[in-house]
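How do the helices of this protein pack, and what lines its main opening? The report below takes these topics in turn.

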Amino acid sequence: MVDTPSSRPLDNEELTNVINLGFVLICGFLCFLLQAGFGLLEVGSVRRKNAKNIMLKNTMDAAVSALAYWAVGFAFAYGTSNNGFIGNSRYFLMDEDGEDFEDYVNWFFQWVFAGTTATIVSGAVAERCRFRAYMIYSAFLSGFVYPVVCHWIWDPSGFLYGKVMDFSGSGAVHLVGGAAAMAGAWILGPRIGRFVQNEQTGEWQAVEIPGHNAVLAALGTLVLWFGFFPFNAGAGYAVASNVDIVTTGRAVVVTNLAAASGGCALLFYGVLRNGVWDPAFAMNGLLGGMVASCSGVNVFDTWSAIIVGILGALGFYVQVWVFETKLRIDDPLNASPLHMGSGIMGMLAVGFLANDKYVASADEAGLFFGGNGKQLGYQVYGTIVYFAWAFGTSALLFYGLKLKGWLRVSEEAELMGMDQHEHAGFAYIDDDGTAIVVKNPFSPSSSQTGGDDMLVKVSVKEVGDTAQTKKPTEERLHSDEVEGNPANPPNQLRQRRVSATTLEPGHI
């Protein structure tokens, strides 16, 4: 009998490897729940006429990113290279001999990160981006933009490897996703009615377009909070030694404390500023705190986590203010501020707060721990490189889609809602017990009842565990009777004007 690892007891090295890989695999499973958290947070933060569109985008993000990352993304990220810029092997998870490259656990865990980067952008372009454009940029980000950055920072041949500290991706994941989101929202343009101009002063004002379900948004935030634990813990790839398990445990505690401090800080600021306990402030603060923690969860002390969380909330808030008052960029989920603003703060925090006890050399310590500023310089350099790459490549893609006419839906479609325009009807039953659906223009009766201009109200009565549908009563509905399709100009919409610093639930 051949002596193989499967036919004999494992030695210590093999057992350590199995334990570590098993841990990473479980973390990957749990990180996949981030997609559910993204979906819940995003769908609760937009209008109900776009709910089906949002959930489909988040679902297909996982599918599209998996195919793109399998085909080329993993090769660009972790393939062999001589230039330190991009990998060039292991396409379709095959080695140089055409055989399966059996690094399946690493592929799966890294794919979760790639899917996260692509999902960030969906919140920034919500409620007016065509679905085909979403499919294209999801594949582009997860198959090219993000994997190239991965190669720089996490592959031993990358030109940032061993210089920039970015343990689980405040920069590589969040800043990159946030910069891409900024490019998309900027080129796509704001939603109808998001900014209005005062006819007397000529000043532009931001108009709040509130989401339809704060409960779903809050539930999504809690799911994301949970998902950040395996996200940051698994990035260390090791738990099978005393040192590794302590480092992993500290990473989880730092993540949690950064969330807590960021959430509390922004919530209390909202109370001081507006006089109300606004859940959106708390949700954005805690998510921003966790985003900021990612770069240094392995080198921060627990007390440092408190500072990092507050800095993450601050980075988020400042970028929201810039978007609304200076640039007039409409980001329905505040996805770019949450990831880019908080991610930048996390990258820079390492240069100040990296404890000399947890780093390999004195040069890597933060300024507050006896460092000489070299690591801070690397962190600034990495931040600039991340932003330039992600914003530049994404802007080219989005502008190309715009020129092609594939990026934005028509004004009529936007007012109608993405669900009805692209997905054959609304996601919800009406409050009065009816569901509004589109009349099929190709049905035999359509020529008699008005074709595609006809909408149908279907009465629904729940009986036990089943729903019985009464005979549809067809009636013509005026455009302003359909939810989310106002006939009035923007200044007469049922929306209240708010200051530029009013926050809506964010997206990780």
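## Basis

This is a predicted model; local features need pLDDT of at least 70, side-chain atom pairs count only at pLDDT 80 or more, and totals for chains, interfaces and linings use all residues. Residues are numbered from 1 along each chain as its sequence is written, and side-chain values use heavy atoms, with hydrogens and water left out.

Helices are DSSP runs (H or I, at least four residues), numbered from the N terminus. Two packed helices are described by the angle between their axes and the distance between the axes. Axes are lines fitted to C-alpha atoms over the stretch in contact, and angles run from 0 to 180 degrees between N-to-C directions.

## α2 and α7

Helix α2 (residues 33-45) packs on helix α7 (residues 214-234) at about 155 degrees, with the axes 7 Å apart. That makes the two roughly antiparallel (angles over 145 degrees). The crossing of α2 past α7 is left-handed (the near helix is turned anticlockwise from the far one by less than a right angle; clockwise is right-handed).

Contact means heavy atoms within 4.5 Å. On the α2 side, the contact residues include Leu33, Phe38 and Leu41. Among their counterparts in α7 are Leu216, Val223 and Phe231. The contact of α2 with α7 has 15 nonpolar, six polar and no charged residues. Here Ala, Val, Leu, Ile, Met, Phe, Trp, Tyr, Cys and Pro count as nonpolar, Asp, Glu, Lys and Arg as charged, and the others, Gly among them, as polar.

## α11 and α12

Helix α11 (residues 335-353) and helix α12 (residues 374-404) cross at roughly 160 degrees, and their axes come within 7 Å. They are therefore roughly antiparallel to each other. The crossing is right-handed.

From α11, Met340, Ile344 and Phe352 are among the residues in contact. α12 contributes residues including Leu376, Tyr386 and Phe387. By class, this contact holds 10 nonpolar, four polar and no charged residues.

## α4 and α5

Helix α4 (residues 104-124) meets helix α5 (residues 131-154) at an angle of about 130 degrees, with axes 9 Å apart. α4 passes α5 in a right-handed crossing.

Phe113 and Val121 are among the α4 residues in contact. Tyr137, Leu141 and Trp154 are among those from α5. The contact divides into nine nonpolar, five polar and no charged residues.

## The largest pocket

The largest pocket has a volume of about 770 Å³. Of its 32 lining residues, Trp154, Tyr161, Phe167, Ala235 and Asn298 are the closest to its centre. α8 gives the most to the lining, with five residues. The lining divides into 16 nonpolar, nine polar and seven charged residues.

A pocket is an open set of points on a 1 Å grid over the protein atoms alone, where a 1.4 Å probe fits, with protein on both sides within 12 Å along at least five of seven lines; lining residues have an atom within 4 Å of a point. Volume is the space filled by probe spheres set on the points, which are joined across faces, edges and corners.

Definitions and conventions
Parallel < 35°, antiparallel > 145°, perpendicular 65-115°, else oblique.
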